[in-house]
Amino acid sequence: MVDQAVSILFERGYQKQDEFEADRIGSSLLVLSGYDPTALQRYLLRIDAAKGTMTADIHRTHPPNSERSDALIAFLNENGIPGSDSGAINQERFKHYVQLK
């Protein structure tokens, strides 16, 4: 059973729609927590800009980040969720609970 899970996660990956759903859920959690709803979309674009071995591995099991980014923007627009200019970023709370190294 563990071997099957490893195969799904690291060799075959999830279905494309599963990744899009995970992105929508992640963005929804950002909104509900009061953080920037476009953070994941910006992160995906930063990964694309990095290019290299890591991104090649990701693209074996995930849809292209440009598609994921476009889908996230469409999701936010369809649900009337404003972008980062809404002021709902909670930077102080983030700094308090998350220590970046």
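Q: What makes the space found in this predicted model a cavity?
A: A search of the whole structure finds one cavity of 30 Å³ or more. On a 1 Å grid over the protein atoms alone, a cavity is a set of points where a 1.4 Å probe fits but cannot get out. The model is predicted, with local features needing pLDDT of at least 70 and side-chain atom pairs pLDDT 80 or more, while totals for chains, interfaces and linings use all residues. Residues are numbered from 1 along each chain as its sequence is written, and side-chain values use heavy atoms, without hydrogens and water.

Q: Which residues line the largest cavity?
A: The lining consists of Phe20, Asp23, Arg24, Arg68, Ala71 and Leu72; a lining residue has an atom within 4 Å of a point. Helix H2 (16-33) and helix H5 (65-78) each give two or more residues to this lining, helices being DSSP runs (H or I, at least four residues) numbered from the N terminus.

Q: How do you know that the span of H2 is close to the expected one?
A: The expected span is 1.5 Å times one less than the number of residues. H2 has 18 residues and reaches 26 Å from its first C-alpha to its last, close to the 26 Å expected.

Q: Why are the buried residues of H2 placed on the same side?
A: Glu19, Phe20, Asp23 and Ser27 are the buried residues of H2, buried meaning under 20% relative accessible area and exposed over 50% (1.4 Å probe, protein chains only). They are placed on the same side because they cover an arc of only 100 degrees around the axis, taken from the directions from the helix axis to the C-beta atoms. On the other side of H2, Leu29 and Leu32 are exposed.

Note on methods. On a 1 Å grid over the protein atoms alone, a cavity is a set of points where a 1.4 Å probe fits but cannot get out, and a pocket is an open set with protein on both sides within 12 Å along at least five of seven lines; lining residues have an atom within 4 Å of a point. Grid points are joined across faces, edges and corners, and a volume is the space filled by probe spheres set on the points.
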